[in-house]
Structure formats: C-alpha cells, structure tokens
Amino acid sequence: MTRSVYVTGIDRGDGRQVVELGVMELLTRQVDRVGVFRPLVHHVPDRLFELLRARYRLPQDPATVYGMDYHEASALQAERGTDELVSALVDRFHGVARDYDVVLVLGTDFADTQLPDELALNARLANEFGASVIPVVGGRRQTAESVLAETRNAYRAYDGRGCDVLTMVANRVAPEDRDEIAERLAKRLPVPAYVLPDEPVLSAPTVAQIAQSLDAKVLLGDDSGLARDALGFVFGGAMLPNFLAALTPGCLVVTPGDRADLVIGALAAHSAGTPPIAGVLLTLDEVPSEEILTLSARLAPGTPVISVSGNSFPTAEQLFSLEGKMTAATPRKAERALGLFERYADTADLARRVSAPSSDRVTPMMFEHKLLEQARADRRRVVLPEGTEERVLHAAEVLLRRGVCDLTLLGPVDQIRKKAADLGIDLGDSQLIDPATSELRDSFAERYARLRAHRGVTVEVAYDVVSDVNYFGTLMVEEGLADGMVSGSVHSTAATIRPAFEIIKTKPDSAIVSSVFFMCLADKVLVYGDCAVNPDPNAEQLADIAVQSAGTAARFGVEPRIAMLSYSTGTSGSGADVDKVRAATELARSRRPDLKIEGPIQYDAAVEPSVAATKLPDSEVAGQATVLIFPDLNTGNNTYKAVQRSAGAIAVGPVLQGLRKPVNDLSRGALVQDIVNTVAITAIQAQTPADRLSTESI
C-alpha cells in the first residue's frame, strides 16, 4: 500500500509551506516516485505544487494533483453532505496513489473556504487516505503560553479523531521563545514536536513580487536584483544626511520620483555596502531624467528601480499588506526554508517515522540529497578561492542556508561584499580573506619556501606565489585552517591542482593523484575513473587508480564492484593495451584481495547482465559493475561526456583522490548545483580518514 503523509493545520497563516517543502525533501531522499495530492485548491495551477514540480523535477501530470476547487467542494457538501464530498476526494486520491511509492498530501488552507469544521474534514480525509498526519500550528505574534496551548490542543484534536500523528510542528514562533517552547512541548506531548522560529526573509516579498502586485514599471534592474527580498521599507522625505542614516540592510527605498538626490544617495550607499538595499520604488509616476538613470545604473548595476503612479501613502498601505510567497520563481526562499526546517526538525527521526518504502534505485536527486545530508552531519570548513565569481557566491548561499559546511572565500574583501550585495546574497558568518593583504601571507611564504627549497624557491619569490588565491587556499588546507578546497570555475585544472601537488602531495599508499566522476543515471550511480588527470597510466598506476576509486565509491555509499575496462573481455584478446589492463587487474587484486575486481572486460559485459551471462557467466562483477576503470584519459574523458550527453546522466566531479587532504577541481562551465555538489563531496572527504572507509549507504 502506498505510504502517505498529510501536512495540515488548524488555522490560516501557519506558514506550513516550510514544512511541506521539508517533508518533500525528506521523501525524495528515500524513494524516486513521490506523488503530490491537494484535495482542495483555490487556483490552478497551485503555486506550491509548481514549486515542488520545478525543484524536484516531478513528472506528475498537474491534472491529477487536485481533488476539486473550494467552490465545487462547498456546493457538493451543501447538496449531498460530507460523506459524498469525502468519497469523491478519496477516489481522486487513489487515482494518484496507485502510481507512486509515497504521496505527500497538502491539506486545506483555512482561507476563504466556506467549509464548516475544516479541521475535522482534514482529519477525516487523512484517515480515509490511510495517511499519517503532521499538524502545523502558527505562532507568529503569539506568546509562548499561547503556542504551547494551541499545539497541545491541535494534537488532541487530530489524535482524538483517530489520526496517526507523526509529529507536531509549531512554526513562526518568536525566536526568543523557541527553546522554551521546544523544551516544554517535549515533556507534554507523546510525539515529537519541532519548533521553528519566525524567519522574516520567508515572508518578505521579493522586489519582483512587489512590482507585480503594484503593477509597477521596471526602470532598472536585472533578474538577480529583482529576486532580492525586501526586508523592510524606508520612506524617503527627509534631507539626504538624515535619509541615509535611516537606511537598513535589505530595505526597499520608497520615495517620490522627483527626489533624484535620494535615489542617487540610496544607490551610492548600496554600492559602498553601507548598507546594501533591495532597490528603489518611485511614486507619483515621476521618472528621473535619462542622465540620472544612467548614473544610477553605473552606481549599482542590477539594482532595481521601479515606478508606480500612486503617491506614497496608498503605496505604503499596499506594501505593508504584502507577504512574500515561495514559488517556482523564488528558489532562494526555498533554500532558506529547507535550511530552517533541517536545522530545527529531527529529519532522521522523522524519516524513520514516515517509513516510506525503501528503494533499490538511486536517482540523481537522491544521490545529491544524500551528499548534502552526509556533509551536514559533521560540518567542515571548505575554502573557495574564487570568491568574486557569481556562480560561486550563489553556491555559497545555498551551502550556508542548508547548513552544509562552513566557508572561507578568497579575494578582495570589498569586491566580494559588493558582488554579494549586488546579487542580494547574505554570506552570513563566512570568512572573507584577501591573500594580498592577509596577515597569513608572511607565514605562508616561509612555509612554501621551505617546501620548495629544493627547487630554489626563496622567501621573496614565495611571497609573490602565495598571493595567488589557489596557492593561498591550498596552504590554508595544509595548515589546518580549512578542511578542503574547491576551485576551477574560472581557473584551469592545472592552476587548481598544481598547488596541491606541490604542497599537499599524495598519501603514503598512493602512487599518483587520480580522479573519478559519479555518473548519476536514471536509476543508479556509477563511478568512472580516471577521466580527468592521467593521460596514459601504466599498469601499476592503473591498479592504483582502481584501488583509489574503490575507496572513493565506498565512502559515498556505492558498493565497489570494479571493472577494468578494455576492448577485449577475459582471455579473448591480446595486445599491449589489453596486456596492460590484465597486469593492472592482477596488481589490484594482490593489493586488495577483499575487493571484487574483473578485467580485462568490455563496457557492455561490465554493466549489462545479458551480455555478461554470455561472456563471463561466473563473474561476481560482470553485468553489475559499479566502478569502471578506463585504460587511458582519451577513453575515459570521451566516454563520460558521451554518457552525460546521450543518456542525460548527471556527472558529479571530477573528484580528486590520492591527495593527503581534499582539493577538488570544477569545470569552467560548472553550474551552481555542480559547485554545491563538489563542495559537499569535499567536505565529506575531509570527514573520515582514508583508512576508515565505510561501505554503508549514505
């Protein structure tokens, strides 16, 4: 029977989208077929489903998601009674449930529904669906005593109607009351209670949402600027010095369109980072001159300037009534919401309580989820030398909001801060270091000079070398000031890994540094090595690559079954290339007799059971290989790219192996998610010494 989780509430304004998003994240870590059902809906398409569909790449037909709209439900209940309404919704639910391993049910929203006793309806639907329930109680602008009482009453209400209550969630509580409420609920409820503090950013509208709601004209601003959250409003009417003193981080400046001095002053303050603002809203349908707009664009590129026809007072009324919503167009809010949920909810315990059916399949999304989860379990610090690169800053925001690791960004500090402000990115407690001015530069130069003295490197020469961000970052890792490094989004592979070869060097049991890609196919993850570093390894090096790759696979939950690839399988062929692979196979077996290794073997015999049954019927690896070792870089690099493009696989890597401490390289075409994944992998590599590898699934 399909397992279902029903997220519901007791009143409007509980902000339960945070919980619904968090539960979907948890479910998609466990199974690859997750359906969504909303029994009653106000508008189609529903913004939350569209967010879930975009974020989790749900293939579900939107027409199957919704039971019926509220008007239809109210009419049906009035004419035929609640039993008929429930019966119709149950039929539509089962139409979804039969196609999925687990279904997330989004309860009614208690807003303009015209349905009597909506809580009872949600409880009954949950029971009829066979779904476990997660009730959410809103705590905004409530005292601790009120939140405690409402949460306990909500539990009694759902439990008393026969519901299987998984956990209670008190959301949007005052941050200063969170710990007290959590402690008292833990003593008074028979189920876990998660208490989430109010997060103003989640309810703050973006500048784009404000522009849409007010039918404003966008005079200046790019997509990144329009995506900024308006954390408050500052109304300009005072003289410039007093006005500047009133600015707050993330505020939207509201001023008459004829106050060019305030527009220029606000944007200049943003450019200087004192403070960064969300944008400027001009009233009275007044637009500054072309010269002023040109100057504005140069002062703060990308920062939005929008214009409305009304005066400041009615505009203020509209602004204060707006509340930001999570939608498919606000992915950064979703990251913030997930970070909040994962910080305050015991997701491991909740996963056990949900007991979604386990799956042998490992989808790309499941693999990515588990990377973040494992990295978050033992937080490490990763240094990012390319601190002014836009993609790196966006990735840093995701990593920080999800609590994946701590970060150090390198580069001119003012430039990093300005770039982050222009993108509307909050770098939180990230460490920012400019290698050129850092107090560490002298000691790093002395350290590097000692390491490279045999090459004639003096302290004076080293002083210049260590100002390079990749050398500086590598030295931070070597000196224990960071646990790992990720670079390469704008630097070449050589520029990224040469410092690691010179400073960190290989592990005692590794002859060379090599790499693997995690190839995330539709239903499994394969490990390809070496596809990025060694052009033509000899037999000894190829054996080393195989052993290294087995360790990397095991660390990330892939049981290593190693195929040493060649154009010939078994004893059917001969030649120098085949002989090299045969010798490498024997060497790898002698070094690690505990590993399952087969070679020489062709790719089809390695991964396709029907071919393996013919060519190597008695092999423990053939047909089910998980680690594929290519004989040379030409073969490996072309194969991974062919599979990536032709099969639609997600290639995570290259992941370097063989170094004493983790340093990883990015493709210069890396996407934000690629950077996030690589940083998570680097943090995981730093968690466990190589001699303590585990084959347990992540």
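Leucine 220 stands opposite valine 305 in β12. The model is a predicted one, in which local features need pLDDT of at least 70 and side-chain atom pairs count only at pLDDT 80 or more, while totals for chains, interfaces and linings use all residues. Residues are numbered from 1 along each chain as its sequence is written, and side-chain values use heavy atoms, with hydrogens and water left out. Helices (H or I, at least four residues) and strands (E, at least two) are DSSP runs, numbered from the N terminus.

Three bridges join β8 to strand β12 (residues 305-307). These two strands run antiparallel. Strands count as paired if DSSP finds at least two bridges between them. Both belong to an open sheet of five strands, in the order β8-β12-β11-β10-β9. The pairing in this sheet is mixed. β8 (217-220) and β9 (232-235) stand at the edges. Each has a single partner strand, so one side of each is left without a neighbour in the sheet. From one strand to the next, the twist averages 25°. Axes here are lines fitted to C-alpha atoms, for helices over the stretch in contact, and angles run from 0 to 180 degrees between N-to-C directions.

Helix α14 (residues 312-321) packs on the sheet. This helix touches β9, β10 (251-256) and β11 (279-283), where contact means heavy atoms within 4.5 Å. The direction of α14 makes about 170° with that of β9.

Two further helices form a pair. The axes of α12 (residues 260-272) and α13 (residues 290-299) come within 9 Å and cross at roughly 15°. That makes α12 roughly parallel to α13. Angles under 35 degrees count as roughly parallel, over 145 as roughly antiparallel, 65 to 115 as roughly perpendicular and the rest as oblique. The crossing of α12 and α13 is left-handed, meaning that the near helix is turned anticlockwise from the far one by less than a right angle. On the α12 side, the contact is made by Ala260, Val263, Ile264, Leu267, Ala268 and Ser271. They meet Ile292, Leu295, Ser296 and Leu299 in α13. By class, this contact of α12 with α13 has eight nonpolar, two polar and no charged residues. In this scheme Ala, Val, Leu, Ile, Met, Phe, Trp, Tyr, Cys and Pro count as nonpolar, Asp, Glu, Lys and Arg as charged, and the others, Gly among them, as polar.

Another helix pair is formed by α18 (residues 390-401) and α19 (residues 413-423). Their axes come within 10 Å and cross at roughly 70°. That makes α18 roughly perpendicular to α19. Glu390, Leu393 and His394 of α18 make the contact with Ile416, Lys419, Ala420 and Leu423 of α19. The classes in this contact of α18 with α19 are four nonpolar, one polar and two charged residues.

Strand β13 (residues 381-384) is joined to β14 by four bridges, and the two run parallel. The bridge partner of leucine 384 is leucine 409 in β14. Four of the five residues of β14 (residues 406-410) are buried, so this strand is largely enclosed by the rest of the structure. Buried means under 20% relative accessible area, exposed over 50%, partly exposed in between (1.4 Å probe, protein chains only).

Helix α23 (residues 493-503) has buried residues Thr496, Ile497, Pro499, Ala500, Glu502 and Ile503. Their cover includes α20 (441-451), α22 (469-478), β16 (484-487), β22 (650-657) and β23 (663-665). Leucine 202, in helix α8 (residues 200-203), counts as buried at 13% relative accessibility. Leaving aside its neighbours within four places in sequence, leucine 202 is in contact with Val18, Gly324, Lys333, Arg336, Ala337 and Leu340.

Several backbone features remain. Most residues other than glycine have a negative phi, and most peptide bonds are trans. Just after α23, lysine 505 takes a positive phi of about 65°. Phi of arginine 57 is near 50°, also a positive value. Arginine 57 is found in the loop between α2 (47-56) and β3 (66-69). For arginine 172, phi is positive and near 60°. Arginine 172 is found in strand β6 (residues 168-173) and is buried, with a relative accessible area of 14%. A cis peptide bond joins glycine 529 and aspartate 530, with omega about -15°. Aspartate 530 is found in the loop between β18 (525-529) and α24 (539-555). Glycine 599 and proline 600 are also joined by a cis peptide bond, with omega about -5°. Proline 600 has its place in strand β20 (residues 596-601).
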